[in-house]
Amino acid sequence: MTAVTPAPPSTAVRPAPAGAVPPGRPAGRSRLRTLAGFAFGAALLFAVAPLVLSDFRLALLAKYLCVAMVAVGIGIAWGRGGMLTLGQGVFFGLGGYAMAMHLKLADAGPGGMPDFMQLYGQLDELPLWWRPFASPWFALPATVLLPMAVAFGLGSLVFRRRVRGAYFAILSQALAAAMVILLIGQQGTTGGTNGLTDIKGFFGYDLDDPVNQRMVYFIIAGTLLALLALTRQLIHSRYGELLVAVRDGEERVRFLGYDPASVKLVAYVVAAGMAGLAGALFVPAVGIISPALIGIVPSIEFVIGVAVGGRATLLGPVLGAVAVAWARTALSERFPGTWTYLQGLLFVVVVAFLPGGLASLWALARRRDVAAQPLWRGRLSLGRRRAERTEVPAA
């Protein structure tokens, strides 16, 4: 019998196991770039903007950043989950009205009634459902939990029945319209068409003081950065990968044993919570919340900002929301009669020539740089990157 000689240890290249970090530590470089990006954003928001902008323009920027918070949530639901949400104004309004109710009660003092209730003269005492909002320990969590609860109830009914695509978009839009009709019809308790206006204080601080207005701006800017950090962790987690898989192939994910309805429900609820938080911070920044700010048109404008910026990226929704809001203000100041047409033209141009949104400009510039390199250099760099991703030293 012929003896079998054991083969020497193989030095062949082995594929990297899942989760292994390739040589060169690209994960560390990516983390460093992320930290540098957040540091740059913080410097821009906390140092440059307050020095360059006047108090009026800084207040406008605070308003734009609140819209950007809603856009971040839409980026998760639509950009990552494929759910076109045309009713985020509902959750924005729920958070805004919850905060405004507390601030109006605080302005009225203990046992007092808001001024608009006394003006309309339809009520002799404070409604029962208003009373819990007198406590900040109830009102503050309600600004986030109430929109999330409504989104959970609606999403549980819709996603379990596999409603998606245009049907889901129309349903969410109808919810926004119903919300506006409800608020307008309850004039004695919600302010009707005017909404809740003339909000003067914010937890003991006078909102007419420019110093306190800057404090509100800093709170909004810090909250936006925190939401971006949370969103980045979410989209780079295993849940984020599963959400993208549901977007690209829902039936395949179902066959693998996952429940796509639960995956989409989490994204929808998270987006609703972000919209509610944005609405709550919008109230002290602007001093008003009304049905005109939460209806169908504002909900569509939220989506337009995300589409312009790039719905599949992290910073794209923020850039798009701020750009669209700034363009609306600038165009309305210079062209009062035709600014809506110019805003529509901006949206059409971006969607037609930049399907990936403004965030895709950086990727396009990098592709042009790579295309301009000599062919042999491009092949060498491509081979080096592939080797770094797939090779690990043999055991």
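Let us begin with Glu 250, which is placed in helix 10 (residues 250-255); helices here are DSSP runs of H or I of at least four residues, strands are E runs of at least two, and both are numbered from the N terminus. The model is a predicted one, in which local features need pLDDT of at least 70 and side-chain atom pairs count only at pLDDT 80 or more, while totals for chains, interfaces and linings use all residues. Residues are numbered from 1 along each chain as its sequence is written, and side-chain values use heavy atoms, with hydrogens and water left out.

Is Glu 250 buried or exposed? Glu 250 counts as buried, because its relative accessibility is 10%; buried means under 20% relative accessible area, exposed over 50%, and partly exposed in between, with a 1.4 Å probe and protein chains only. Beyond its neighbours within four places in sequence, Glu 250 is in contact with Arg 164, Ala 245, Pro 260 and Lys 264, where contact means heavy atoms within 4.5 Å.

I turn to the chain as a whole. It holds 16 helices and four strands. Of its 395 residues, 41% count as buried. Among contacts between residues at least 6 apart in sequence, 78% join residues at least 24 apart.

Next, helix 5. This helix covers residues 136-160, and its 25 residues should span 36 Å at 1.5 Å a residue; the end C-alpha atoms are 35 Å apart, which agrees. The expected span is 1.5 Å times one less than the number of residues. Where is the kink in helix 5 centred? The kink, of about 50°, is centred on Ala 142; the bend is the angle between axes fitted to the seven residues ending at a residue and the seven starting there. Ala 142 is also one of the buried residues of helix 5, as are Pro 147 and Phe 159. The buried residues of this helix pack against helix 3 (88-108), helix 6 (166-185) and helix 11 (260-286). After helix 5 comes Arg 162, with a positive phi near 60°.

That brings us to backbone angles. Most residues other than glycine have a negative phi. Asp 198, however, has a positive phi near 55°. Asp 198 lies in the loop between helix 7 (187-190) and strand 2 (201-202), and is partly exposed, with a relative accessible area of 43%. Phe 203 likewise has a positive phi, of about 55°. Phe 203 sits in the loop between strand 2 and strand 3 (205-206) and, at 36% relative accessibility, counts as partly exposed.
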